[in-house]
Structures are given as structure tokens and as C-alpha cells.
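Student: Could we go through some local features of this model, one question at a time?
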Amino acid sequence: MRRGALARSAFAEIPSGQKLHRIRIFAGGSSKAASRRAPPIRKSVCGPQTDDKEDDGRISRDRQHASGRLDSPIVKRRLVAVPAGSRTICIAEYEAPVLSLPDVYESRFDSGDIFGMIPDSKPSLLYDARIKRADKTRRGKASGLGGVRRATLVSPPCQHGTVYWSKGSRNRLQCLDPIKFLHEQFATSFSVTHSPIWMDSSTSKECSVLEEIVGGPHKLAETTGSRAYERFSGPQIAKIARTKPEAYCSTERISLVSNFIASLFLGDYAPIDWSDGSGMNLLNIRTKDWDDMLLETCATGLREKLGNPVSSYSDIGPISPYFVERFSFNEKCRIIAFTGDNPGSLIGMRLKEGDIACSLGTSDTLLLWLNKPKTITDGHVLCNPVDNEAYMALLCFKNGSLTRERIRDDAAQGSWQIFNELLESTPRGNFGNFALYYDIQEILPFVIGDYRYNKANDEISRYSSKEVEVRALIEGQTEAANSAMMGAAYQAKHGLMQNNCSFDEITHCLPELTLVCQPYDDAESIYKPMTVRYRKIIDQILKKRSEQKHV
């Protein structure tokens, strides 16, 4: 990143007693500028190399992507190999956010996500239909991995989404026909055809009930690591049980997206891992078990439908014969518990105590390693996916790359090059202009809409120049401030060798990240006051929304 460009720095409140050593920023999403700021993934981690391009040609890929950069938002499917001794190669299967899937599933949904519905959802069949693309690389030849021994498999899909298996689905999993596509065999396997996903914000009623039953949001956060959030799996399940009781009663097992995909590869119901399970408002993060009071509050018989949670690097069994026969996987391939994308990012960034990471993607997230759980109501504490005795803190902002793309299209003719030129033509601080953009219901704060302010702090409807608009977006998102795939690869190796090596020993051969950019010397003097202003504006917005509700 050039010195003259905006250095995306984040002001974060570190828990008391927690020393901050490094901030690691990883740029996902489709921002070319953000991509340039991402520390490159080292060549010591090998894998098939591709050069992805968006169909309309607006996003060009630099040479780093062709040599191993794996943060592309339009990667549809990749396999990553990590050396594990002289004879063993660990394979991590991963699917990054997808812009279009016309060759994957005949649903005619661009990404599979259905917006405007309550809740925002994804067709359940779309998850397993995506495996259909793997037929193009059948027997590993087209992917360049035909001669690689497949030792372990793990994947980090998005968190919070839930999939509802109908009765009899376990038998189908165990008896898959290798001649047929998965989506054909599971056509009648889901009691709920559209799965709630992380964008769901329709469960406010269920959230209120959960918090009330345990004594308030703070008490719920103390138990589960988070106050009740609309997108979390517990409230989603509670709403399904309340609004679709027949569908719930016919449900044999409820999976998160992570262990749903693991179930396909396992050929049986895979367990939920502790780290991804922490994003449900159902798991006691200290005992690592489901909380019975919360389970009963959400729905009857829920413990049996969820199964027993396990450590995030558990070896849960051998790969299904379906993948051995259809895709020529080694029959000795082992499945490690699949986890969510945010825990996967913590693994992939190899965070340690004192590190904080900023991941810029569809959602923007801040990740922090914790040795002990902290009770917070504005954010999340999850079980650590690497160390069973540790935890991780997470702040998540839903309006990330998609919002950046919207402003890019409106102000920069859909071009990141023009976007960058507009950004660099304005001074840091943006002449006192400040704005916040929330295309969808935000998590922190719980608001939606565009909020633009001039130097006098008056709310205005629009800016007079595109340059000001672009910088207002970037600086506003900075004040609020896809390593997940590499995390999956590391976790695969960790799960395979956990009895002989610790996670640090497994990854010690990887080079340390190097500094690629740094803020201006006066960045704090410019952006620290802006942080104070940001908090005041958020308070104003929330107060105004509250008053409107009572009118």
C-alpha cells in the first residue's frame, strides 16, 4: 500500500489486562484496494493456483493471487494442501463467498441468498448442490491434485445458518449412491426448505424471550458468550418451532452450515463443534455443553435434534464411501470437525495472545484471542477453535463489502480504480464530512439506512461530490471496524496430528507475517476524535429511532 493512500486503522477497546502486540488486517470481500492491503499468504503453504476474474472484467487479479493469494471473493471451490511430514498431505475443502453459481444449481439465485424474505434464507439443497461442481474435477485430475494423498478434510463456511434434516435423512446419508448427484438424493431430506442464514434479523421476539428467561442480556452473555442476537441459531430454531410446528416435529436433526457440510463428507450426522456452536445462544461456553434451560425455552426435544457438541479439532470419522467411489478420495481420509468462518479466520491468521485481526469481507469482523472469557453485551465471546481452554472475542459488522460495492457502483462507475482515485483525491478527515451506511439491518448498532453529516454535524441527504461520498464510506466503516480457508488447512493438519504436536508446533515452520503498510504519524490525532464523534452520532441515531417507535 502506498504511503499516500488511506491506511485502514481500527480503534478497538482491548479488555482490561489484555496487552495488544499486533493488529493483523486481512482483506476479503471484493475490494481491490482492500485486497492490496492483505498480508500475502506464504508459498510454504501449497495449493492449486488459479487466476480468478469477475465476468464483467471490473476486477483484475494481481500476480500475488496467481501465486497463492487465497482471499478472492469469487472463488467457487478450492482445495488447499499443507505439508504434514514427508508422506502426508492435509487437504482443506473450502467455499468462499460466491458471486454467481449458474453452473452449480438451477435455482437461478445469483448467490443462493434470498433477500427480502423473513427470514433472509438460502435453499437447503443449494448447500449440497454445490458439490455438483466437483464433478468437473472428478478423480482430482482437473484440479491438479490427482497424485496427492488426501489425509484430512475440514471446511469453514459461514456461521449461524441452520439446516433441518427430515426424518429418515440419516439413512440416506449412510447409503448414498455414488452414481447420483447429492442434490438428487436429498431432494426430500429437509423439513425446512429455506434455511435461515446469518443475515436473518426477524427473530427479535425470540431474542427477548431468551434474555428474559435467564435474567437479562448480561446474564445470557455470561452463559453463552453473547446476548441474544437475531441471526443466532437459537432464536432461529425457536422461530421455526413456533411458526412451523409441523416442520419442526418432522425434523430429525438440526445442523449448522458447518456440520451440515461435514455430514455430507462423513456420510452420517456430524457433530457441532464448540467454536461454531458458541454462535447459537445455546451453548454454555464454560462447560462446553448445551444449556438445558435455553434449549427448553427454544423448543422441546432440542438436545436430541442437535446432538452432542465436540472440540473444534476432533477427528469425527472416515470419509464417506460416496466420495471415495465418486471422487477417488483416499478411503483413509479422515474428517475433522468443521467450524465456522470466523473461528477459521482466527486459526488462519495464527493469532496469539495480544493479537487482534481485522477481516474485511461480506461482513467486517474484528477477532481477538482471549485466555479467559469476558462478559460483553456488544460483541461475542466464542470457544477458541485451537485451544480448548482459551476463548476468542469477535465484533461483527454485517454491512461490509456489499455496501462498499454499492457505493463503488453509484460513485465510481463500478470501477475500483476510479474508486481509489476518488478516495485519494480527498484529505484524511474528509473536510469534516462523516457518514454511516447500512444497507441491511446492522448488528452493532442495530440500525438500517444511510446517515450523512457535514462539518457542522447536520444530517444531510446527499454530498455534493463523489469524492466526499467515497471517503465518507471508508472512514465511516473504519471507525466501526479470507483467512478462513487457510485456517481450515491448518485445522486439518492439527486434527490429524493433535496427539503428537500442538498447534504452535504444527505451524512453527510458517514465516511470520511482515509489515506491509502503516498509518501516517498523525493518524491518531485525526481519527481518534472521529471515533468520539462516531459514538455520539450512533447515540443520536439510536435515540431518534427509539423516539420514532414511541410516536
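Student: Which handedness does the crossing of α6 and α8 have?
Tutor: This is a predicted model, in which local features need pLDDT of at least 70 and side-chain atom pairs count only at pLDDT 80 or more, while totals for chains, interfaces and linings use all residues. Residues are numbered from 1 along each chain as its sequence is written, and side-chain values use heavy atoms, with hydrogens and water left out. A crossing is left-handed if the near helix is turned anticlockwise from the far one by less than a right angle, and right-handed if clockwise. For α6 and α8 the crossing is right-handed.

Student: At roughly what angle do the axes of helix α6 and helix α8 cross?
Tutor: Helices here are DSSP runs (H or I, at least four residues), as are strands (E, at least two), numbered from the N terminus. Axes are lines fitted to C-alpha atoms, for helices over the stretch in contact, with angles from 0 to 180 degrees between N-to-C directions. Helix α6 covers residues 204-214 and helix α8 residues 233-243; their axes come within 9 Å and cross at roughly 110°. Angles under 35 degrees count as roughly parallel, over 145 as roughly antiparallel, 65 to 115 as roughly perpendicular and the rest as oblique, which makes α6 and α8 roughly perpendicular.

Student: Which residues in α8 do Lys205, Glu206, Cys207 and Leu210 in α6 meet?
Tutor: Contact means heavy atoms within 4.5 Å. By that criterion, the α6 residues Lys205, Glu206, Cys207 and Leu210 meet α8 at Pro235, Ala238, Lys239 and Arg242.

Student: Which backbone nitrogen does a side-chain oxygen of Ser415 reach at the start of α17?
Tutor: A polar contact is a pair of N or O atoms within 3.5 Å; within protein, one must be able to donate a hydrogen and the other to accept it, and residues adjacent in sequence count only if both atoms are side-chain atoms. The Ser415 oxygen comes to within 3.2 Å of the backbone nitrogen of Gln417.

Student: Is Thr251 buried or exposed, and which side chain does its own join in a polar contact of 2.6 Å?
Tutor: Thr251 is in strand β8 (residues 251-256). With 2% relative accessibility, Thr251 is buried. The 2.6 Å polar contact joins its side chain to that of Ser191.

Student: Which backbone oxygen lies 3.2 Å from a polar atom of the Asn384 side chain?
Tutor: Asn384 is in the loop between β15 (380-383) and β16 (391-397), and is buried at 3% relative accessible area. A polar atom of its side chain lies 3.2 Å from the backbone nitrogen of Asp387. The backbone oxygen at 3.2 Å belongs to Tyr391.

Student: What is the relative accessible area of Asn281, a residue with a positive phi?
Tutor: Most residues other than glycine have a negative phi. Asn281 is not a glycine, yet its phi is about 65°. Asn281 lies in the loop between α11 (274-277) and β9 (283-284), and is buried, with a relative accessible area of 0%.

Note on methods. Buried means under 20% relative accessible area, exposed over 50%, partly exposed in between (1.4 Å probe, protein chains only).
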